[in-house]
Amino acid sequence: MPKKQSTTGAPAARRAVGVALAAGFLTLAVAAPQPALALTAEPPTSATATTVPSPVGTWSVTTQESDHPASTGTLFFHADHTLRLEAHPGPDGKPVFIGTGEWRSGYGGTLHYEFTHPLPGTRTGTAYVALDGVLTSPTAFSACGLTKRVYDDGGTETVTIVMTGTKTA
(Lines give C-alpha, C1' and ligand atoms only; values in the text may rest on other atoms or scores of the structure.)
Protein backbone atom coordinates (compact mmCIF):
# COMPACT_ATOMS: atom_id res chain seq x y z
CA MET A 1 0.00 0.00 0.00
CA PRO A 2 1.50 3.37 -1.00
CA LYS A 3 2.19 5.96 1.69
CA LYS A 4 -0.27 8.77 1.90
CA GLN A 5 1.36 12.07 1.01
CA SER A 6 1.11 15.00 3.36
CA THR A 7 -0.84 17.92 2.04
CA THR A 8 1.29 20.31 4.02
CA GLY A 9 4.58 19.18 2.54
CA ALA A 10 7.81 18.00 4.08
CA PRO A 11 9.15 19.32 7.38
CA ALA A 12 11.57 21.64 5.59
CA ALA A 13 8.73 23.05 3.50
CA ARG A 14 6.58 23.54 6.59
CA ARG A 15 9.44 25.46 8.31
CA ALA A 16 9.92 27.64 5.22
CA VAL A 17 6.22 28.46 5.18
CA GLY A 18 6.33 29.22 8.93
CA VAL A 19 9.32 31.51 8.56
CA ALA A 20 7.72 33.29 5.61
CA LEU A 21 4.48 33.78 7.53
CA ALA A 22 6.36 35.02 10.57
CA ALA A 23 8.42 37.42 8.44
CA GLY A 24 5.26 38.71 6.79
CA PHE A 25 3.62 39.20 10.18
CA LEU A 26 6.63 41.13 11.47
CA THR A 27 6.66 43.25 8.32
CA LEU A 28 2.98 43.99 8.77
CA ALA A 29 3.45 44.73 12.46
CA VAL A 30 6.27 47.18 11.77
CA ALA A 31 4.60 48.81 8.76
CA ALA A 32 1.12 49.02 10.24
CA PRO A 33 0.21 52.19 12.13
CA GLN A 34 0.62 51.68 15.84
CA PRO A 35 -2.22 52.57 18.21
CA ALA A 36 -1.64 55.36 20.68
CA LEU A 37 -0.65 54.35 24.16
CA ALA A 38 -3.60 53.97 26.44
CA LEU A 39 -3.67 56.41 29.34
CA THR A 40 -4.64 54.95 32.66
CA ALA A 41 -5.67 58.28 34.19
CA GLU A 42 -8.90 60.06 33.45
CA PRO A 43 -8.57 63.13 31.22
CA PRO A 44 -8.67 66.37 33.23
CA THR A 45 -12.06 67.89 33.73
CA SER A 46 -12.68 71.62 33.66
CA ALA A 47 -12.49 71.58 37.45
CA THR A 48 -9.00 70.01 37.49
CA ALA A 49 -7.47 71.34 34.25
CA THR A 50 -4.75 73.95 34.65
CA THR A 51 -5.09 77.06 32.55
CA VAL A 52 -1.95 78.91 31.56
CA PRO A 53 -2.51 82.58 32.36
CA SER A 54 -2.69 84.96 29.43
CA PRO A 55 -1.33 88.50 29.50
CA VAL A 56 -4.07 89.74 27.14
CA GLY A 57 -5.74 92.72 28.77
CA THR A 58 -5.00 96.01 30.48
CA TRP A 59 -2.33 96.20 33.18
CA SER A 60 -1.35 98.88 35.66
CA VAL A 61 2.46 98.83 35.66
CA THR A 62 5.32 100.25 37.67
CA THR A 63 8.63 100.62 35.85
CA GLN A 64 12.03 101.19 37.42
CA GLU A 65 15.01 101.95 35.21
CA SER A 66 18.37 101.90 36.95
CA ASP A 67 19.00 105.63 36.57
CA HIS A 68 15.46 107.07 36.99
CA PRO A 69 12.83 107.16 39.69
CA ALA A 70 10.00 104.63 39.36
CA SER A 71 7.18 105.57 37.01
CA THR A 72 3.68 104.25 36.51
CA GLY A 73 1.65 103.57 33.43
CA THR A 74 -0.74 101.32 31.59
CA LEU A 75 0.32 98.39 29.45
CA PHE A 76 -2.09 96.87 26.95
CA PHE A 77 -1.37 93.30 25.78
CA HIS A 78 -3.51 92.68 22.68
CA ALA A 79 -4.66 89.25 21.46
CA ASP A 80 -2.80 89.74 18.17
CA HIS A 81 0.50 89.79 20.17
CA THR A 82 1.01 93.53 19.86
CA LEU A 83 1.25 95.84 22.84
CA ARG A 84 0.96 99.49 23.74
CA LEU A 85 2.53 101.24 26.72
CA GLU A 86 1.32 104.58 28.05
CA ALA A 87 3.59 105.62 30.90
CA HIS A 88 4.89 108.38 33.10
CA PRO A 89 2.06 110.90 33.26
CA GLY A 90 3.24 114.43 32.54
CA PRO A 91 2.01 117.66 34.19
CA ASP A 92 -1.08 117.59 31.97
CA GLY A 93 -1.89 114.00 33.06
CA LYS A 94 -1.15 112.59 29.62
CA PRO A 95 1.52 109.89 29.26
CA VAL A 96 5.00 111.13 28.35
CA PHE A 97 6.05 107.70 27.02
CA ILE A 98 3.84 106.04 24.43
CA GLY A 99 5.40 102.85 23.17
CA THR A 100 4.38 100.06 20.82
CA GLY A 101 5.75 96.60 20.31
CA GLU A 102 5.15 92.87 20.40
CA TRP A 103 4.89 90.11 22.98
CA ARG A 104 4.97 86.32 23.15
CA SER A 105 4.30 83.88 25.92
CA GLY A 106 6.19 80.70 26.67
CA TYR A 107 6.10 77.63 28.82
CA GLY A 108 4.81 77.96 32.36
CA GLY A 109 3.60 81.54 32.10
CA THR A 110 6.87 83.02 30.88
CA LEU A 111 6.59 86.19 28.90
CA HIS A 112 8.88 88.09 26.52
CA TYR A 113 8.04 91.49 25.14
CA GLU A 114 9.76 94.26 23.26
CA PHE A 115 8.69 97.79 22.49
CA THR A 116 10.05 101.15 21.49
CA HIS A 117 9.09 104.64 22.58
CA PRO A 118 10.38 108.13 21.86
CA LEU A 119 12.64 109.75 24.43
CA PRO A 120 11.21 113.16 25.21
CA GLY A 121 13.01 115.96 26.98
CA THR A 122 16.24 117.81 26.33
CA ARG A 123 18.06 114.75 24.94
CA THR A 124 15.64 113.22 22.48
CA GLY A 125 15.90 109.85 20.79
CA THR A 126 14.35 106.39 20.90
CA ALA A 127 14.27 103.76 23.63
CA TYR A 128 14.41 100.07 22.65
CA VAL A 129 13.13 97.93 25.51
CA ALA A 130 13.29 94.12 25.86
CA LEU A 131 11.92 92.34 28.93
CA ASP A 132 11.60 88.75 30.10
CA GLY A 133 9.21 87.90 32.85
CA VAL A 134 6.65 85.56 34.25
CA LEU A 135 2.95 85.74 34.97
CA THR A 136 2.99 85.03 38.70
CA SER A 137 -0.80 84.66 38.66
CA PRO A 138 -3.61 85.40 36.21
CA THR A 139 -3.54 89.00 37.48
CA ALA A 140 0.15 89.73 38.19
CA PHE A 141 3.51 89.66 36.42
CA SER A 142 7.07 90.74 36.99
CA ALA A 143 9.75 91.24 34.35
CA CYS A 144 13.25 92.57 33.95
CA GLY A 145 15.45 93.42 31.03
CA LEU A 146 17.33 96.18 29.28
CA THR A 147 16.55 99.53 27.73
CA LYS A 148 18.89 100.71 24.99
CA ARG A 149 18.62 104.42 24.46
CA VAL A 150 19.70 105.76 21.09
CA TYR A 151 19.90 109.55 21.15
CA ASP A 152 19.43 111.85 18.20
CA ASP A 153 22.89 113.32 18.90
CA GLY A 154 24.48 109.90 18.19
CA GLY A 155 25.00 108.80 21.77
CA THR A 156 23.77 105.52 23.23
CA GLU A 157 23.45 103.95 26.63
CA THR A 158 21.95 100.77 28.06
CA VAL A 159 20.26 100.56 31.45
CA THR A 160 18.44 97.84 33.35
CA ILE A 161 14.67 97.91 33.70
CA VAL A 162 12.28 96.16 36.06
CA MET A 163 8.53 96.17 35.50
CA THR A 164 5.72 94.78 37.62
CA GLY A 165 2.09 94.72 36.65
CA THR A 166 -1.39 94.12 38.00
CA LYS A 167 -4.21 93.27 35.61
CA THR A 168 -7.04 95.79 35.68
CA ALA A 169 -9.20 94.58 32.79
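**The model.** I am working with a predicted model, in which local features need pLDDT of at least 70 and side-chain atom pairs count only at pLDDT 80 or more, while totals for chains, interfaces and linings use all residues. Residues are numbered from 1 along each chain as its sequence is written, and side-chain values use heavy atoms, with hydrogens and water left out.

**The chain.** I looked up the elements and found one helix and eight strands, running α-β-β-β-β-β-β-β-β from the N terminus; helices (H or I, at least four residues) and strands (E, at least two) are DSSP runs, numbered from the N terminus. Of the 169 residues, 25% are buried, meaning under 20% relative accessible area with a 1.4 Å probe, protein chains only.

I noted about 420 Å³ of space in the largest pocket, a pocket being, on a 1 Å grid over the protein atoms alone, an open set of points where a 1.4 Å probe fits, with protein on both sides within 12 Å along at least five of seven lines. It is lined by 22 residues, and E65, H68, F97, L119 and R149 are the closest to its centre; lining residues have an atom within 4 Å of a point.

**R149.** I then followed R149, which is found in strand β7. Is R149 buried or exposed? R149 counts as buried because its relative accessibility is 3%. Its side chain joins that of D67 through a polar contact of 2.8 Å (a pair of N or O atoms within 3.5 Å, one able to donate a hydrogen and the other to accept it, where residues adjacent in sequence count only if both atoms are side-chain atoms).

Key:
Grid points are joined across faces, edges and corners, and a volume is the space filled by probe spheres set on the points. Buried means under 20% relative accessible area, exposed over 50%, partly exposed in between (1.4 Å probe, protein chains only).
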